[in-house]
Amino acid sequence: MYWLEKNQLEQLVKKLAKDYRIFGPRRDEVSGEVIFDWLENLSDLDLQASIPYNPPKFILFPHFEEILKYRYDHRSKKAVIERINLLEPKALVGIRACDLTGLLCLDRFFLGQEFVDEVYLEHRKKLFIISNTCVRPFPQCFCVCTDSGPGAKEGYDLDLTFTGEGYIVNCGSKKGQKLAEELGLKEAGPEASELRQKIIDDSISSFDRFALENKAWISRATNRLTTGFIKPEVWEYIGNQCFECGACSFVCPTCSCFNIEDVNSKTGDTYRVRTWDSCSFEGYTKMAGDHNPRKPVEDRRNKRFFCKLSYSQSKKYLRPGCVGCGRCARVCPGDIGLPNVVTYIRREITEG
Amino acid sequence: MERPLVPIVTVPEIATVVEIREEIDEVKTFYFTFDNPEIEQAFRIRSGQFIMCTVFGAGEFAVSLPFSPENDRKHISVRRVGKVTAALHQLEPGDKIGIRGPFGNGFPFEEIKGKNVIYVAGGIGLIPLRSSIVHVLQHRKDFGRVVLVYGARTSKDLMYKNSIKEWKATENFETHFTIDRPEPGWTGEVGFVNQLVARLDLPVENTVAFVCGPPVMFNSVIKELKLKGIKEQDIYSTLERHMKCGIGKCQHCAIGRTLVCVDGPVYTYKQIKTLGEQI
């Protein structure tokens, strides 16, 4: 463990910026929102800001990404396919524990299972991660219920905890250790570890009561979702509130469904583009010929929450798919963010 | 023995369409060879698997493989149904396509040696079954009774007329064909496939059944097979879904807790029943 003085932070980021493109939380001047974004101007980095409204998943899994380029000449019948590889090393500075947990879920999903997703792997290989202990939870936050915060446990190169005067630095990898040494950071004793724990405990106590109460109910909901014992009426009730806007999927740190389209450009090249998709859209499962096996909206909602909480899906992530960031509750124009869905399931359990 | 299967995962391999055959209305068969001789040599499939086929400039679609893993010309049979398949139907011999795969689990083969095999197909449901039929016939002595029950709306809608002719003349292969309504000159059966299945003397013990066709046909055939005493875990089918990646990442083909592209597309009826979604 090391100490990082407040004024050393700039030095750290500048040093990183020599080798990496820096991403981090900054406050958007127009909207006033905190967003996790590319920091064109390194001094925009704001580690004391509240949780960003978007998770950093777009850095590894962009909204739109050209994965292939090809050209086909119908006359000469010649096809040329090129792989697109313009990936640069990227550093995530100040990622929250919830978002880091989400990123680890994506790792296990994209890099594990039967096949490795080569596109994701390219992004992931050249990544430097600096996590930041969350001391300012949103009212919607419930990472304490999903074991994903407020302090990071794994997956970082460096982990920062703000003490008010400076940062406690934890190294999580050789890469991180090397950077700390190169910066000549002052070593910290066991008191730093205790202090970090105290800061985390204080943060937990500042969570909204609903989050602390919800803890046991999430595992009950997991059980119900996995065994399929939730009544169709509950899904209908949830489905009736769904606007099918897909916002929950887009702000979710672990949602990773994508669509692939071949887009023809004016130059004659075609780009194979992979874009974010959401299981809330009706066209998501629609096949050629218009047959749609999953038509009613409640079927689609059922699928999303199955993905976030069921035990079967947890086996892919090695943890629940929900990381408790609360963003779905924040953006949902209906009232079916994940905590509320847990509440509806809970109501069914208690009221029968 | 068979080479290990190394699927083409991300970048499609270019292949040439060498021959195109009109099968039935709106369905064409495209024979292809890979441009890279190494891939042409190394490309191995299991029956029941599928590939992702790129039509340059239009997109990519998932399609089941009708050819046998051994000694059979590589081809796909595709009905013109959406934007990409319409573009495929525009192609001429010599045109290029892109291939990724093969993906998916495939029909059991080694596991069912020594058993009786019943194939029941409706319409273009014969396409994915053809691979397994040809493969089993190539190893005929390893299996018990082998039966094909195939039905289509009219005699014109029967797929693979050349193969059918061959199969009718194959010894130890019981074939039954049916069309929905009587037609002049038709010597086969008349009626729906499930009715024919009900009438036939089919093996039951030590038997597996492969069923493929439209959902209505599928459900009614399953009912008849079960009435005869064939167990749900011995009835296999192959499912189709909207697919984008083929490698279990895009999640479009999720049914219940499984992904059709990696856990399927072949499921037993016992599994299908527990998936909790319509087929």
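Me: Let's start with chain B. How many Å separate the centres of domain 1 and domain 2 of chain B?
Reply: The centres, taken over C-alpha atoms, are 25 Å apart. Keep in mind as we go that this is a predicted model.

Me: Ok, and where are those two domains of chain B?
Reply: Domain 1 of chain B covers 8–103, and domain 2 covers 110–238.

Me: How many residues of each are in contact?
Reply: On the domain 1 side of chain B there are 17 residues, and they are in contact with 14 residues of domain 2 of chain B. Strand E1 (8–24) and strand E5 (75–79) of chain B each supply at least two residues of the domain 1 side.

Me: Now the two chains. How many residues of chain A are in contact with chain B?
Reply: 33 residues of chain A are in contact with 33 residues of chain B.

Me: Which element of chain A gives the most to that side?
Reply: That's E11(A), with six residues. The elements that give two or more residues are strand E4 (64–73), strand E5 (78–83), helix H3 (118–125) and strand E11 (258–264) of chain A.

Me: And how do the residues on the chain A side divide up?
Reply: There are 15 nonpolar, eight polar and 10 charged ones on the side of chain A that touches chain B.

Me: Let's zoom out to chain A as a whole. How many helices and strands does it have?
Reply: Chain A has 12 helices and 12 strands. Its radius of gyration is 22 Å, close to the 20 Å that the globule rule gives for 352 residues, so chain A is as compact as a globular protein of that length.

Me: What does its C-alpha trace span along the principal axes?
Reply: About 70 × 65 × 40 Å for chain A. Of its 352 residues, 41% count as buried.

Me: What about contacts in chain A between residues 24 or more positions apart?
Reply: Those account for 70% of the chain A contacts with a separation of 6 or more.

Me: Switching to one helix. How many residues does helix H2 of chain A have, and how far does it reach?
Reply: Helix H2 runs over residues 97–111 of chain A, so to speak 15 residues, and reaches 20 Å from its first C-alpha to its last.

Me: Is H2(A) mostly covered or mostly exposed?
Reply: Mostly covered: 12 of its 15 residues are buried. Among them are A:Leu100, A:Leu103, A:Leu104, A:Phe109 and A:Phe110.

Me: What do those buried residues pack against?
Reply: In chain A, the buried residues of H2(A) pack against strand E6 (90–96), H3, E7 and helix H10 (311–317). Following H2(A) you get A:Gln113, whose phi is positive, near 60°.

Me: Which residue does a cis peptide bond join to A:Gly149?
Reply: A:Pro150, with omega about 0°. You'll find A:Pro150 in the loop between strand E7 (127–132) and strand E8 (158–162) of chain A.

Me: How far is A:Pro150 from A:Arg96?
Reply: They are 54 residues apart in sequence and 7.6 Å apart in space, C-alpha to C-alpha.

Me: Back to chain B. Where is the cis peptide bond with B:Pro265?
Reply: That bond joins B:Gly264 and B:Pro265, and omega is about 0°. B:Pro265 lies in the loop between strand E14 (258–259) and strand E15 (266–268) of chain B.

Me: And what's the phi of B:Asn71?
Reply: Positive, about 45°, although B:Asn71 is not a glycine. B:Asn71 sits in the loop between strand E4 (59–64) and E5 of chain B, and it counts as exposed because it has 9 C-beta neighbours inside 10 Å.

Me: Then B:Tyr160, buried or exposed?
Reply: B:Tyr160 counts as buried, with 22 C-beta neighbours inside 10 Å. B:Tyr160 has a positive phi of about 50° although it is not a glycine, and its place is the loop between strand E8 (146–152) and helix H4 (161–168) of chain B.

Note on methods. Residues numbered from 1 in each chain as written. Chains lettered and ligands numbered in written order. Predicted model: local features only at pLDDT ≥ 70, side-chain atom pairs only at ≥ 80, totals over all residues. Contact = placed C-beta atoms within 7 Å. Helix = DSSP H or I, 4+ residues; strand = E, 2+ residues; numbered from the N terminus. Nonpolar A, V, L, I, M, F, W, Y, C, P; charged D, E, K, R; others polar. Domains from an automatic or database assignment. Rg over C-alpha atoms; globule rule 2.2 N^0.38 Å. Buried ≥ 20, exposed ≤ 12 C-beta atoms within 10 Å, placed from the backbone. Expected span 1.5 Å × (residues − 1).
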